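I opened the model today to look up cores, surface spots and charged pairs. My notes follow.

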Amino acid sequence: MFRSRVTLALAAMLVLVCIQAGFVYLGTMRVESYTAHSRLTSDLLSELLDLSADKQRLRTWAAQQTMGVSALPEIRERLLDRMSASAERLTDMSRRNLASWREIAARDDMEIPDDAAQLVEITSLLGANITELRTQLRELEPHPDRSSFADVWRHLNQVFDTTHGRDLRDLLNGAIDRQRQAVPIARAATENGIHRLRLQAVGMVGLTFGVAVALYVHLSRRLRRPLDDLLAGTQALQAGRLEHRIPVHDVDEFGRVAAHFNAMAHELQQHRAAMDVVRRRLEDAVKARTQELEQAHGTLQQLDQRRRQLFADLGHELRTPATVIRGEADIALRSLSMTGEQHRMTLQRIVAAVKQLTSLVDDLLLVARAEADELDILPERLALGPLLADTVAQAQALATLHGQRLETGAIPNDLTIDADPTRLRQALMIVLDNAIRYSRPQGRVRVACAVLQEEVELSVTDEGIGISEEELTQVFDRFVRGPRARRHRADGTGIGLSIARTIMQAHGGHIDLHSEVDRGTTVRMRLPLASFPQS
């Protein structure tokens, strides 16, 4: 649309330029015509005057020849030749002058002067007059007789001034006078023509200027708004405001440019949004990874702390039975008066210490195998009641040793599970041992069993020191013992509950713990019941 307008405007300007060029060309031709006509008029006057002067010289020569004064024939011939040439030129110029007047009259709508046609007629008589003069003057002889001189001179004047019965002298003088009047007329006509041409040129220039101004105003108005909108759009895009859109006013080239610009801005906005999403994801990923690294660092620090604590605890735990073994062995070696019974009791204490040491080593091996996923579980179909009763009976001796009361609720006899009896008994003893050791004197430990749909839940509840909320999240971590546990009991490695959880998970069950400070702790262990009867 706008391209069509620009094309039409350029076409209009081109047409105007062509018209103006044609007008200038035609005007130049008209000026040249006026100038040539004016110059031709002046040349006619000059030629008439030259012819008249030569004719007058020739008359003087004839008078001298008649009176017998020396008159050279060469002068006569030269003057006659000059007059003949002038006559030919006058004939040609008079005809061209008449044609020029006719052209000017037709172009400028004016009348042709009568003198132009008369001048052609006069110049046509000059040739015959000169020819007759040439014949008469060549035959002219001197006349010494004064009486006949007047007749001869009168005859010569008649030859000079009369042609075909017409007074050539009057015609020539009249032509000179009229040509003198025609020169200013021709100049005036030339000036008038030039003046009209100047006015027409000014009008054409004014028209061209007006059209150019109108086209400029129109195109500038059509260009200003879309260009301003495009400039505002590019500035907004440069400033990063991708939501900016250029209004589309018309369905033209600028409208299409604005539409493409808006599409580009929309695409850039989408890309920026996608990049923002990717950047936020990366930031979140980096933040999460940083948190993971921080957590890993904290975990490593905790593990390092636990490792140092473990080495201290293991040193303490291993040193105690080793010290007992060494002490009993030293006593047995130094004492020579020991009886057989004393030796037997010493060996029993050594065996007990070795058992304690072996048990600690077994626990460490169990932890290592659990971490390497190499914990051996040999499940079999067994009745839960007898296994639980046997385990409680073993714990009863420990409870009595620590002044605790161990109570057991009703245990259904028909509960069967698929489990490794040794590992399950180990997990139960760990829980019962913790409940007994971390209870106050004269406390009570209750063991209960309940069936929950397809699971059986074993719970052990004590009335001991309890565990704080800060320590609850770490009770199942390996080698972790809280400050309250350390104050209550100096020995211990902090791997018992971790071993119990590992065993329960290996059986497809789970273990959780609920505790309140100074009120006691409840440990719940859930195991799946046997899914089908034993064959």
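Is A332 buried, partly exposed or exposed? I found A332 partly exposed, at 21% relative accessibility. The scale I used: buried is under 20% relative accessible area, exposed is over 50%, and partly exposed lies in between (1.4 Å probe, protein chains only).

Housekeeping next. This is a predicted model, where local features need pLDDT of at least 70, side-chain atom pairs count only at pLDDT 80 or more, and totals for chains, interfaces and linings use all residues. Residues are numbered from 1 along each chain as its sequence is written, and side-chain values use heavy atoms, with hydrogens and water left out.

**Entry: helix α6**

I placed A332 in helix α6, residues 253-334. Helices (H or I, at least four residues) and strands (E, at least two) are DSSP runs, numbered from the N terminus. From A332 to T346 I count 14 residues in sequence and read 7.2 Å in space, C-alpha to C-alpha. H260 is also found in α6. H260 counts as exposed, at 59% relative accessibility. H260 and I246 are 14 residues apart in sequence, with their C-alpha atoms 9.8 Å apart.

**Entry: cores**

I then turned to the nonpolar cores. A core here is a set of buried Ala, Val, Leu, Ile, Met, Phe, Trp, Tyr and Cys residues joined through side-chain atoms within 4.5 Å. The largest one has 40 residues, and L384, L406, I417, L424, I511 and M525 touch the most other members. Elements that each supply at least two residues of this core include α8 (384-401), β5 (416-419), α12 (496-506) and β9 (520-528). Which element gives the largest share? It is α9, with 8 residues. Apart from this core lies another, of 22 residues, among them L45, W61, L119 and I176.

I listed the contacts of I417, where contact means heavy atoms within 4.5 Å. Leaving aside neighbours within four places in sequence, I417 is in contact with residues including L384, L424, V456 and L527.

In α12 the buried residues are L497, S498, I499, A500, T502, I503 and M504. G508 follows α12 and has a positive phi, near 80°.

**Entry: nonpolar surface**

In soluble globular proteins, nonpolar side chains tend to be buried together. Y25, L26 and M29 make a nonpolar surface patch of about 330 Å². Such a patch takes residues with over 30% relative accessible area and no salt bridge, with nonpolar side chains (Val, Leu, Ile, Met, Phe, Trp, Tyr) joined within 5 Å and, for charged patches, like charges within 9 Å. L26 sits in helix α1, residues 2-66. L26 is exposed, at 53% relative accessible area.

**Entry: salt bridges**

My rule was a side-chain nitrogen of Lys or Arg within 4 Å of a carboxyl oxygen of Asp or Glu. How many salt bridges does this rule give? The count comes to 18.

R76 and E77 meet in one, at 3.0 Å, N to O. R76 and E77 are both buried.

E407 pairs with R444, the closest N and O atoms being 3.9 Å apart. E407 lies in strand β4 (residues 405-408) and R444 in strand β6, so the pair ties together parts that are 37 residues apart in sequence. E407 is partly exposed at 29% relative accessibility, and R444 is partly exposed at 25%.

E516 and R519 form a salt bridge with closest N and O atoms 3.3 Å apart. E516 is partly exposed at 35%, whereas R519 is exposed at 65%. Shared partners join R405, E407, R444, R446 and E463 into one network of salt bridges.

Definitions and conventions. Areas by Shrake-Rupley, 256 points an atom, 1.4 Å probe, with all protein chains shown as cover.
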